[in-house]
Amino acid sequence: AGNGDVTIDSGTVNAGAGGVGLPAPLDTIAVPIGGGVIAATNNGAATVNAHGDISVAGGTFGAAAISLNGSATVNLNGVTIDPPQIGAAAIVLGGSDDASITTGTATVDATLAGLVGYNGGTGDVSIDAEGATIGSGTAPLAGIVGVATGGGNVDIEGRDSTVTAGAGIAGYASNGGNVWIDSGNVTATGLGPLSLGVVGIAQGGGDVDIDTHGDTTAAGLVAVGGYADTGGDVSIDLKGDSDDITSVIAANGIGVIGVAQGGGDVDIEGEYSNVNAAVGIVGFADAGGNVWIDSGDVTASGGALGVGVMGVALGGGDVDIDTHGDTTASGLVGVGGFADTGGDVTIDLLGSDDDYTLVSAANGVGVLGVALGGGDVDIEGEYSDISASAGIVGLAQGGGNVWIDSGVVEATGTGLTGIGVSGTALGGNVDIDTHGDITANGLFGVMGLATGGDVTITLGEDTTV
């Protein structure tokens, strides 16, 4: 159609490669975008309602709605699409209307991408894939992709979906648009470092919010990750519960990472999660943004870079880490927080008297807190058992204080590295309370150093050093 609306209600379709002619003024261009069911229009609404299975041999699309300046809508209604290059696509090139895909319980196989929503105008991209199965027969290079470049939002709903692809689910929004992703079970493999699990990126001030409702396995650099700039926030929630732990696996990369630049905050919630990766969980914020991390069980096996849980806040923001499970790290730090410009670091190893939190870092520091520029370090580990080259280290500079409550600590390093519990405050006070035994192979079992402040060390009545 030129400027009118186009609606196609299709039954069962068997198609080849073919091609399609675009409306004026593009009608002189031969475009090889053939396939099963395609609705295209200039300024109107393009809609495809699939009511039967779609089989495409070599075509570009299984089902596609394309509008230059109107809306584009694809409703799959639970059908099966087998392998075109792109299973289903809603594409809007300009204007202010939305690009939308709703799958129902559809099964979609494809070679390039399972579901694609694109909006080059100011409208949103909405992909409702709850209940869908992507890539169970032919796994595409990308499972679900949503892109909005003109300030619109990207909303990908895949709570009860299963995605198997080279890269799982990706959302991108620029010019202030937000990215919201709810994922189900995602397996990303076959693209090397690009086999990302679930990733959201918002540029220009928008936020990223990712909720995982299933397990994520990725062979590439990141299993679950969010990035926002220009003050946008990143929120990642690994939605498990006490009897249904969420699994995140990234043997060659980072399990969970959130990065916010320009003053935004990072919030990673993983109380009921099990993260097994080269690097476990990382949160980074600059320009005064805060980092909050709640971790479950974390295993980081990436050699010297195998950090378990790490939060970094630059420019005055705070770091707050609560561990609700055990942390094992092969690298330099088991659990660590760093803040400058007066930001505080708080680390709480949330155990109990009958369920100690374990931290193991055979080649590094078990728990590390560093605050520069006047911030405080508070490490709470009363009900923890730490086995590491160096046990617990707290450092505050610029007048900040260091408070440490330790449990059982075994420091296996030698010399300066094999310190059990160490607190150093340059200009502030140090207060250390030990609630368990301290064993150290190095120079000090328990050490406090303050320049310009007081040092208080209280050994519990059952403590042996």
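1. Basis. The model is predicted, so local features need pLDDT of at least 70 and side-chain atom pairs count only at pLDDT 80 or more, while totals for chains, interfaces and linings use all residues. Residues are numbered from 1 along each chain as its sequence is written, and side-chain values use heavy atoms, with hydrogens and water left out.

2. Strand β8. Strands here are DSSP runs of E of at least two residues, numbered from the N terminus. Two strands count as paired if DSSP finds at least two bridges between them. β8 pairs in the parallel sense with strand β5 (residues 35-41) over 6 bridges, and valine 37 has alanine 63 of β8 as its bridge partner. Another 6 bridges join β8 to strand β11 (residues 86-92), also parallel; there isoleucine 66 stands opposite isoleucine 91.

3. Strand β31. In strand β31 (residues 291-295), 4 of the 5 residues are buried, so the strand is largely enclosed by the rest of the structure. It runs parallel to strand β29 (residues 266-269), with 4 bridges, and parallel to strand β34 (residues 319-323), with 5 bridges. Tryptophan 292 of β31 is placed opposite aspartate 267 and also opposite aspartate 320 in β34.

4. Largest pocket. A pocket is an open set of points on a 1 Å grid over the protein atoms alone, where a 1.4 Å probe fits, with protein on both sides within 12 Å along at least five of seven lines; lining residues have an atom within 4 Å of a point. The largest pocket holds about 160 Å³ of space, the volume being that filled by probe spheres set on the points. Of its 14 lining residues, Ala167, Ile169, Ala170, Leu196 and Val199 lie nearest the centre. β17 (142-148), β20 (167-173) and β23 (198-202) each supply at least two lining residues, and β20 gives the most, with 6. The lining has 11 nonpolar, 3 polar and no charged residues. In this scheme Ala, Val, Leu, Ile, Met, Phe, Trp, Tyr, Cys and Pro are nonpolar, Asp, Glu, Lys and Arg are charged, and the others, Gly among them, are polar.

5. Salt bridge. The structure holds 1 salt bridge, defined as a side-chain nitrogen of Lys or Arg within 4 Å of a carboxyl oxygen of Asp or Glu. Lysine 239 and aspartate 237 form it, at 3.4 Å from N to O. Lysine 239 is partly exposed, with a relative accessible area of 39%.

6. Aromatic pair. Rings of Phe, Tyr and Trp (its six-membered ring) pair if their centres lie within 6.5 Å; planes under 30 degrees apart are stacked, over 60 edge-to-face and the rest tilted. The count is 1 aromatic pair. Tyrosine 356 is partly exposed at 30% relative accessibility, as is tyrosine 383 at 29%.

7. Positive phi. Asparagine 77, not a glycine, has a positive phi of about 55°. It is found in the loop between β9 (72-75) and β10 (80-82) and is partly exposed at 48%. Threonine 230 also has a positive phi, near 55°; it lies in the loop between β26 (222-228) and β27 (234-238) and is exposed at 54%.

Methods:
Buried < 20%, exposed > 50% of the residue type's maximum accessible area, 1.4 Å probe, protein only.
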